[in-house]
Each structure stands twice: as structure tokens, then as C-alpha cells.
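Please read each numbered point with the model open.

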Amino acid sequence: MNHLFPPIEPFNEFKLQVSDLHEIHLQQSGNPAGKPAVFLHGGPGGGIEPIYRQYFDPEKWRLILFDQRGCGKSKPFAELRENTTWDLVADIEKIREQLGINRWTVFGGSWGSTLALAYSQSHPERCTALILRGIFLLRKSELNWFYQDGASHIFPDAWDKYLELIPETERGDLLAAYYKRLTDDDPEVRLAAARAWSIWEGSTSKLHPNKLLLDRFGKSQFAEAFARIECHYFTNGGFLESEDQLLDNIDRIRHIPAVIVQGRYDVVCPMTTAWDLQGVWPEVDFQVIPDAGHSMSEPGILAKLIEYTNKYSDL
Ligand code: STX
């Protein structure tokens, strides 16, 4: 059975100024002489967590984690300016160059999978392997499913709380209604919207939701960056050229060893998306977890991810 590695501290932490405005926070853990891997967190705006270090054998891997622009310990906090998918792709290259890494394994779930695809399709020669989970391609149908009409039918109780904040006249376009409040000048308006937005996602991420997770999503510090940055990216279609961009450019990466780990009962990023991706990418190793939701801590997903970080440590 594959289970988490013991908790470890980073062996090195530092800041990197990636633009006049943004400074990002990075850390390295595991074996400094190990195989390099970069961890792309979700959201966007979710930030990194200590437990993410425990998915990689610390003797085999040199793991690089960082807080994407505007979240976690990166600064300025919750900043939306100069914050696009392509800024993040450029940051990943800056990090790689700064650390003197030639090629690395790219690990990302949910929004992390979107970013992993955008990065690897831009810089395929830098990728040794891809470990992707809970696939999210930011297509209109996916956003509509989660923020307008879809997941609402599975979690009507949590949905009511997400709706509560928005007057009926504005409910025809909830993304727009939330964007307006998340970018309001009044911090109280922003925060109330941020908490409701984040709690909705926290309530739907696991097959068996737990209070610990909800507490984290409801914390104002986490919620403000998470909700503002997510809503900013989603309002702008992920800054993609077209909504099928990541499917259309699969030729650029099909030669790279890659696995998709997908929970059958993922309500945040339903399996249709992973299915469409594997449909244009027959080379990918497609692993469906029959009894899992969205979160990377779902037992079957966790075990499969660790199986693959172990397997790919030999590539
Ligand atoms: N957002 C999905 C996503 O990337 C639509 C995501 N969901 N939860 C997370 O990320 C965190 C666990 C990082 C908070």
C-alpha cells in the first residue's frame, strides 16, 4: 500500500522577484541531489501546504514547491494585476533557471493540472514526466458546471449558502456577481464573498467532507487570495487563446511519460474533462479511482499519486 511519507521540513526557502510587482515564495525539500520535481498547487490562489511534501520519497526526489503569484507567502497578497497563466508559466521557467535545473517532473492537480499542461506545452523539452490529477481545462462548460448549474444539484445544501450572498436579480451570472464583490473597495464585502466562494469549493472537494477542510477554506487569509485569484482567472477564461487550447496542443507533449489520476466522483472537476483529455492523448496512462472525489487527500488518489511518484523516480 502506498501512503504518505513522514512530514519533513524544507532544506531551503527563498524569495524570487519575478516582476516589478510580484515576489514569490519558494522552498525545496527532500534530497538536494535527487531527481527534480516541481509541484503546481491548485486554485489558482490555493498556495502550498506542508503535506504536499509528503507525496514524494525524500530520498529520491528534490522537490520544489512555490506559492503562485498573489497567494500563500508570495507578495503582494491577493494581487490580480500581472497575474495570468502566462505570467505563471514564465515564473516556472525563472525558478528552473534560478535553481540550475535542466529538466524536471511536473506534478499538478486541479488548476495545477491546467498550469502543468500550459507549462509543458510551452516548454516540453524541460519536462521529464507529468503527474496530473483531477483534470481541469477551464472550459466554459466546466465553469458553468461548478459555479452556475451542475454541482448545485449534488450539493444543494452547500449551494444555498453560496447563493445566499447574491440577490436574485444577479443570479443569472454568478461568476460576474462574485467578481463584482470580490473586487469591491470595501474589505468587508470582499471578505464575505471570498468566504462564501471558498466554502462552496471546500464543501464539494471530498467524497466525505470534513470540518477541518471547511475551516481552512473559511479562513479569511486563505479565502481572500483563493477566491479573488480563482474568480479573476475564470472570468478571463484562464487567459487561454481558445477554450480548447490545451486539448488542441497535445501533440507537443504526447511523447512525455504522463499519468492522469482522476476520481470518479470528482464534483469540482468532473471526469468528463479527464475523459476528453485522454481521448486526444492515447499515450497517457489514465487511472480512474472508483471511490474518490476531487481532493488529492482522497485515500485512493493519494495512494495512486504516490505509486506514480515512486514509479517515475526511476525515469
Ligand atoms: N479550482 C479547483 C482547484 O484547483 C476550481 C482547487 N480546488 N481546491 C484547491 O484547488 C486547493 C486544495 C488548492 C485549495
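Predicted model: local features only at pLDDT ≥ 70, side-chain atom pairs only at ≥ 80, totals over all residues.

1. The side chain of H232 comes within 3.3 Å of the backbone oxygen of L80.

2. Where does H232 sit? H232 belongs to helix α8. With a relative accessible area of 9%, H232 is buried. Once neighbours within four places in sequence are set aside, the contacts of H232 are L80, N83, Y179 and F239.

3. The chain is divided into two parts: domain 1 (12–139 + 239–312) and domain 2 (141–238). Their centres, taken over C-alpha atoms, are separated by 22 Å. To the contact between them, domain 1 contributes 35 residues and domain 2 contributes 29 residues.

4. The largest nonpolar core has 75 residues, and the members touching the most others are W197 and W281. Which helix gives the most to this core? Helix α8 (residues 220–235) does, supplying seven residues. Because domain 1 and domain 2 both give residues to this core, the core lies between them. Another core lies apart from this one; its 24 residues include F5, W61, A292 and Y308.

5. W197 is found in helix α6 and is buried, its relative accessible area being 0%. Its side chain makes a polar contact of 2.8 Å with the side chain of E230. Apart from neighbours within four places in sequence, W197 touches Y147, Y162, L175, Y178, L182, A227, E230, C231 and F234. W281, not counting residues up to four places away in sequence, touches L117, L130, L132, I250, I253, R254 and A258. One of these, R254, is 57 residues from W197 in sequence, and the C-alpha atoms of W197 and R254 are 35 Å apart in space.

6. Helix α7 (residues 211–218) shows how a helix may present two sides. L213, F217 and G218 are buried in α7. Why may these residues be said to line one face of the helix? Seen down the axis of α7, the buried residues fall within an arc of 130 degrees, so they line one face. The face turned away from the buried side carries K211 and L212, which are exposed. The buried residues of α7 are covered by elements including α6 (187–204) and α8.

7. The cysteines form the last topic. How many disulfides are there? The count is zero disulfides. C71 is in no disulfide, and the nearest cysteine sulfur, that of C231, is 16 Å away. C71 counts as buried because its relative accessibility is 0%. For C269 the closest cysteine sulfur is again in C231, at 16 Å, which is too far for a bond. At 3% relative accessibility, C269 also counts as buried.

Key:
Residues numbered from 1 in each chain as written. Heavy atoms only, no water. Disulfide = S-S within 2.5 Å. Buried < 20%, exposed > 50% of the residue type's maximum accessible area, 1.4 Å probe, protein only. Core = buried A, V, L, I, M, F, W, Y, C linked by side-chain atoms within 4.5 Å. Helix = DSSP H or I, 4+ residues; strand = E, 2+ residues; numbered from the N terminus. Domains from an automatic or database assignment. Contact = heavy atoms within 4.5 Å. Arc of directions from axis to C-beta. Polar contact = N/O pair within 3.5 Å; in protein donor to acceptor, adjacent residues only side chain to side chain.
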